[in-house]
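Welcome! Please take a moment to look over the sequence and the 3D view below, and then we will walk through some topics together.

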Amino acid sequence: HGSVTEVDTCLYAELTRLLAESAAVLGKPDDAARYHALAADIARAFHAQRYDAARAAYGDGRQTTALLPLAFNLVPADQQARVYERLLATIRDANHGHLDTGIFGTRYLADVLCDRGSADLALHLLTQPEYPGFGFQLAQGATTLWEQWSVKGGMNSHNHAMFAGVGASLVSRFGGISALKPGFSEIGIRPCLPRALTFAEASLDTVAGCVSARWERAGDRLVLRVAVPANAVARVAVPSADAAAVTEGGAPASTAPGVTPLGTEGAYACYRIGSGDYVFAAPAPRP
């Protein structure tokens with residue numbers, strides 16, 4: 001949900017950016033420059049025409065009209081915090097703690113919330129049992145994805161890919177696996193830890209091979225198991241602000257073989273690792 005103007009323009013900007021990056025990878029610098037410039041022009045025009053500064057909202061202000069601009073980096077840096085706070089208020093007040101998204105907004109709902117420190121809210125929206133949402137579908141006995149949120153209403157399919165885009169967030173945010181470079185030649189491992197989950201596990205077949213990550217809370221410890229395929233490297237962000245307390249294979253991570261410390265980023269201690277199997281551990285983050 002969200003106005004057609006906002007959805008279509010945001011997708012236009014993102015597809016143009018992807019075209020520019022594809023041109024660069026293919027060795028076409030002129031095309032890359034052309035489409036990067038077009039993407040920037042679209043972003044500027046979108047913000048100028050559709051942003052209401054008084055409301056810190058685009059268009060009609062529904063969830064998707066904030067999710068897509070934030071996900072695609074179309075919001076000027078000095079306005080991002082306001083747009084995000086307005087999104088949280090919309091979820092809380094207008095939608096009473098429920099999602100209000102269609103296929104595009106649902107795809108980026110958990111991405112935006114997890115990236116900005118609201119993983120608990122993301123999981124709640126995806127699992128709460130009231131209409132609308134996946135929890136509601138499960139409560140109604142669904143074993144496959146529906147074409148729409150409601151049980152009735154002329155739905156033609158009860159086994160549909162319509163809302164399956166959220167699966168990307170399950171892998172990239174809750175599982176923590178992403179591509180930092182084309183072809184997964186450099187892999188990112190950075191899991192989000194909602195308090196309602198005790199563990200999450202994800203694996204992904206890439207052109208370099210299978211990469212997997214599993215985190216779990218074991219008493220007062222957090223354990224993160226990572227497998228990196230051959231001919232690839234990974235940047236691992238362990239959920240611990242205290243790098244000195246992080247271990248790998250039972251030894252301090254700072255001196256463990258094959259592990260290069262990269263410093264801390266907020267509440268994460270970061271490391272560069274090569275191919276192989278690794279077991280990181282740290283004090284479990286406090287609820």
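**Strands, pockets and a buried helix**

Strand E8 and strand E12 (residues 268-273) run antiparallel and are joined by 5 bridges. This is a predicted model, in which local features need pLDDT of at least 70 and side-chain atom pairs count only at pLDDT 80 or more, while totals for chains, interfaces and linings use all residues. Residues are numbered from 1 along each chain as its sequence is written, and side-chain values use heavy atoms, with hydrogens and water left out. Helices (H or I, at least four residues) and strands (E, at least two) are DSSP runs, numbered from the N terminus.

**How the strands pair**

- Two strands pair if DSSP finds at least two bridges between them.
- An open sheet is formed by 6 strands in the order E5-E6-E7-E13-E9-E10, with antiparallel pairing.
- Its edge strands, E5 (199-206) and E10 (251-252), each pair on one side only.
- Inside this sheet order, 8 bridges join E7 (residues 221-228) to E13 (residues 276-283), and valine 226 has tyrosine 278 in E13 as its bridge partner.

**The largest pocket**

- On a 1 Å grid over the protein atoms alone, a pocket is an open set of points where a 1.4 Å probe fits, with protein on both sides within 12 Å along at least five of seven lines; lining residues have an atom within 4 Å of a point.
- The largest pocket has a volume of about 1,500 Å³, where a volume is the space filled by probe spheres set on the grid points, joined across faces, edges and corners.
- Its lining has 48 residues, and Asp115, Ser172, Arg173, Arg190 and Cys192 lie nearest the centre.
- Elements giving two or more residues to this lining include H5 (103-115), H8 (166-174) and E4 (186-189), while H1 gives the largest share, 6 residues.
- The lining divides into 25 nonpolar, 8 polar and 15 charged residues.

**The second largest pocket**

- What is the volume of the second largest pocket? The value is about 200 Å³.
- It is lined by 13 residues, among them Leu126, Thr127 and Phe134, which are some of those nearest its centre.
- H6, H7 (134-139) and H8 each give two or more residues, and H8 provides the largest share, 4 residues.
- This lining has 10 nonpolar residues, 3 polar and no charged.

**A buried helix**

- Why is helix H3 (residues 63-71) largely enclosed by the rest of the structure? Because 8 of its 9 residues are buried, meaning under 20% relative accessible area with a 1.4 Å probe and protein chains only.
- These buried residues pack against H1, H2 (29-50), E2 (57-58), H4 (80-94) and H5, where contact means heavy atoms within 4.5 Å.
- Just after H3, asparagine 73 takes a positive phi of about 60°.

**Cysteines**

- With a disulfide taken as a pair of cysteine sulfur atoms within 2.5 Å, the count comes to 0.
- Cysteine 192 is in no disulfide, and the nearest cysteine sulfur, that of cysteine 114, is 4.2 Å away.
- For cysteine 270, also in no disulfide, the nearest cysteine sulfur is that of cysteine 192, 13 Å away.
- Cysteine 192 counts as buried at 9% relative accessibility, and cysteine 270 counts as buried at 1%.

Definitions and conventions. Nonpolar A, V, L, I, M, F, W, Y, C, P; charged D, E, K, R; others polar. Buried < 20%, exposed > 50% of the residue type's maximum accessible area, 1.4 Å probe, protein only.
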